[in-house]
Amino acid sequence: MGPEHDPDAALMLRVKRGDRAAFEALVDKYKQPVFNLIYRTLPDAAEAEDLAQNVFLQVHRFAHRYKPSAKFTTWLFTIARNLCLNEIRRRGRHPAESLSEPSGDRDDEADRPVTDRQAVAPDQGCLDRELAALVDDALRALPENQRVAMLLCREEEQSYEDIAAILGCSLAATKSLIHRARETLKLRLKRYLRTGAWTPDAPSRPQSPPEKPAP
Amino acid sequence: MREPIDQILLDIARRRPLTPAEQQQLDGWLAEHPQDRERWETEVGLTRLLQRLPDAPLSSNFTARVLAAADRQEAAGTARAGAIEALLARWVHRWQPAAALAAVLLLVGIPLHQSHRRGEVARSVAVLPAAELANVEIWQNFDVINSLPSGPLPSVEELAEAMQ
């Protein structure tokens, strides 16, 4: 796809020529999709923002190598996925215990939130957050390639062909990954699928992280 | 081979909500295949859940931080390139006379050396007495002798075999 058809490719060609405003426009446009992917791919979300920043720094650094023959987003998400994989491998080699994550063998169980089933029904926003957290957990439990395929599938701009290019596998393999991921998710989220809404008798879990203030 | 219509619609429904026209197509198809209605409900329900997943919480100053880091990266790159250039210039300035002398020595020395070697070879050939050269017939069994195994002397049988 040429830059005349892909506005992102046109922006990227401007970045190649050192246009800072074009780079800013690209960061603004794609920071959320890239961060969504990284945040839900890494086992530990604490460094997801730093990694997302690195993705855009790589885009800036290697702008001179960019060729508008492929879609910009394919290039961008490929960088994001590769950085995620590197981080997962690095953590595999040097595992570190998180100080904030609760661990089953510690005696801090009393600090964990426990649902009071007798309490009055919480508001819809709270229930939505809880449901989102359940979906988030189910996604995080998927194998890495299935999870990335599912997350990219959420991005409407990404076709199956684009996803296959990012994952570095065939179209058939990509469709198979997505199919298997969906089957697993359907099993795990069975009780919410009919209505897509919270049911009060469903098992509860701690809330998703709140909105982060600027560091 | 054409994909069945429900497979095409399923591929679409897995990525986004169906348009009214697509929904109409699906309704028509489901009217003929009511046994698949439940499967479709779960598929659409899952897509709806995934689409409703909120964005991950991102700092409000993310773009500014990326731009600042990019500026730092660029400045570091420029400084690095400048340092390499300065180092190269200093090296050239320091070693320029020596490098020039080495180049002149090589340019003059190599042809001189080659010419000297050629002269030596010509002289050695000229002093070789033709009468002392071995008779050509001596070499007629060279290949046979050369094919003998190395190490201890061969037995008579081996020698005979080699001669054959």
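**Before you start**

Residues are numbered from 1 along each chain as its sequence is written, and chains are lettered from A, with ligands numbered from 1, in the order in which they are written. Because the model is predicted, local features need pLDDT of at least 70 and side-chain atom pairs count only at pLDDT 80 or more, while totals for chains, interfaces and linings use all residues.

The model scores ipTM 0.71 and pTM 0.64.

**Stop 1: chain A**

Select chain A. It has nine helices and zero strands. Helices (H or I, at least four residues) and strands (E, at least two) are DSSP runs, numbered from the N terminus. From the N terminus on, the order is α-α-α-α-α-α-α-α-α.

Chain A has 215 residues, and 31% of them count as buried. A residue is buried if 20 or more other C-beta atoms, placed from the backbone, lie within 10 Å of its own; 12 or fewer make it exposed, and in between it is partly exposed.

Now look at contacts. Two residues are in contact if their C-beta atoms, placed from the backbone, lie within 7 Å. Take the contacts in chain A with a separation of 6 or more: residues 24 or more positions apart account for 66% of them.

**Stop 2: α1 and α2 of chain A**

Select residues 7–16 of chain A for α1, then residues 20–41 for α2. Their axes come within 7 Å and cross at roughly 140 degrees. Axes are lines fitted to C-alpha atoms, for helices over the stretch in contact, and angles run from 0 to 180 degrees between N-to-C directions.

α1(A) and α2(A) are therefore oblique to each other. The cut-offs are these: under 35 degrees is roughly parallel, over 145 roughly antiparallel, 65 to 115 roughly perpendicular, and the rest oblique.

α1(A) passes α2(A) in a left-handed crossing. A crossing is left-handed if the near helix is turned anticlockwise from the far one by less than a right angle, and right-handed if clockwise.

Show the side chains next. α1(A) brings A:D8, A:L11, A:M12, A:R14 and A:V15, and α2(A) brings A:A22, A:F23, A:A25 and A:L26. This contact has seven nonpolar, no polar and two charged residues. Here Ala, Val, Leu, Ile, Met, Phe, Trp, Tyr, Cys and Pro count as nonpolar, Asp, Glu, Lys and Arg as charged, and the others, Gly among them, as polar.

**Stop 3: A:R17**

Click on A:R17, in the loop between α1 and α2 of chain A. Is A:R17 buried or exposed? A:R17 counts as exposed, because it has 9 C-beta neighbours inside 10 Å.

**Stop 4: α3 and α4 of chain A**

Select residues 48–61 of chain A for α3 and residues 72–93 for α4. The axes come within 9 Å and cross at roughly 130 degrees. That makes α3(A) oblique to α4(A). The crossing of α3(A) past α4(A) is right-handed.

On α3(A), pick A:L51, A:N54, A:V55, A:Q58 and A:V59; they meet A:L76, A:I79, A:A80, A:L83, A:C84 and A:E87 in α4(A). The classes are eight nonpolar, two polar and one charged.

**Stop 5: α7 and α8 of chain A**

Move on to residues 160–167 (α7) and 171–188 (α8) of chain A. These helices pack at an angle of about 95 degrees, with axes 9 Å apart. That makes α7(A) roughly perpendicular to α8(A).

A:Y160, A:E161, A:I163, A:A164 and A:L167 of α7(A) make the contact with A:L171, A:T174 and A:K175 of α8(A). Five of these residues are nonpolar, one is polar and two are charged.

**Stop 6: chain B**

Select chain B. It has six helices and zero strands. Buried residues make up 9% of its 164 residues.

The average is 82, and 91% of the residues score at least 70.

**Stop 7: where the chains meet**

Show both chains. Here 29 residues of chain B are in contact with 36 residues of chain A. On the chain B side, the elements that give two or more residues are α3 (37–51) and α4 (62–126). That side has 13 nonpolar, eight polar and eight charged residues.

Finish at A:E24, in helix α2 of chain A. A:E24 is partly exposed, with 17 other C-beta atoms within 10 Å. Leaving aside neighbours within four places in sequence, A:E24 is in contact with B:T63 and B:L67.

Definitions and conventions: pLDDT = per-residue confidence, 0-100.
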